[in-house]
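This briefing covers the fold of one protein and how parts of it pack together. The sequence and structure come first, followed by lead sentences and grouped points.

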Amino acid sequence: MTSNPAGTELQATGEKARKRGDDTRTDLTPQEEEIAQLACEGRTNSEIGAQLFIGRRTVEWHLRNVFAKLDIGSRLELERTLRGRGVRS
């Protein structure tokens, strides 16, 4: 049994946390992919948050992570970059 709450929740659902390493450092999580896709569709952070039942600031945090992982600086670059990575667009 794991001692962290997130690990306990994952274990209870039968899910496993993804392994992190140099080869997965730039992989987007499913949540990041979904938020990035919604941002590509032109949704605002508030609209994305409302649709996913998370706060606007949480959306901002995820998008900052997406931008860092993809080495981009704006939403304008997001769609092109996601398309190049084979993420649905």
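The protein has five helices and zero strands, in a model that is predicted. Along the sequence the pattern reads α-α-α-α-α.

**Whole protein**
- Of the 89 residues in the protein, 29% are buried.
- Among contacts with a separation of 6 or more, 50% are between residues 24 or more positions apart.
- The exposed surface comes to about 6300 Å², and 49% of it is supplied by carbon and sulfur atoms.

**Helix 2**
- Helix 2 spans residues 30-40, and its buried residues are Glu32, Ile35, Ala36, Gln37, Leu38 and Ala39.
- The cover over these buried residues includes helix 3 (45-52), helix 4 (56-70) and helix 5 (75-85).
- After helix 2 comes Gly42, which has a positive phi, near 95°.

**Helix 4 against helix 5**
- Helix 4 and helix 5 pack with their axes 11 Å apart, at an angle of about 60°.
- Because of that angle, helix 4 is oblique to helix 5; angles of 65 to 115 degrees would count as roughly perpendicular.
- On the helix 4 side the contact is made by Leu63, Val66, Phe67 and Leu70.
- Helix 5 contributes Arg75, Leu78, Thr81, Leu82 and Arg85 to this contact.
- By type, the residues in the contact of helix 4 with helix 5 are six nonpolar, one polar and two charged.

Methods
Residues numbered from 1 in each chain as written. Predicted model: local features only at pLDDT ≥ 70, side-chain atom pairs only at ≥ 80, totals over all residues. Heavy atoms only, no water. Buried < 20%, exposed > 50% of the residue type's maximum accessible area, 1.4 Å probe, protein only. Helix = DSSP H or I, 4+ residues; strand = E, 2+ residues; numbered from the N terminus. Contact = heavy atoms within 4.5 Å. Axes fitted to C-alpha atoms, helices over the stretch in contact; angles between N-to-C directions. Parallel < 35°, antiparallel > 145°, perpendicular 65-115°, else oblique. Nonpolar A, V, L, I, M, F, W, Y, C, P; charged D, E, K, R; others polar. Areas by Shrake-Rupley, 256 points an atom, 1.4 Å probe, with all protein chains shown as cover.
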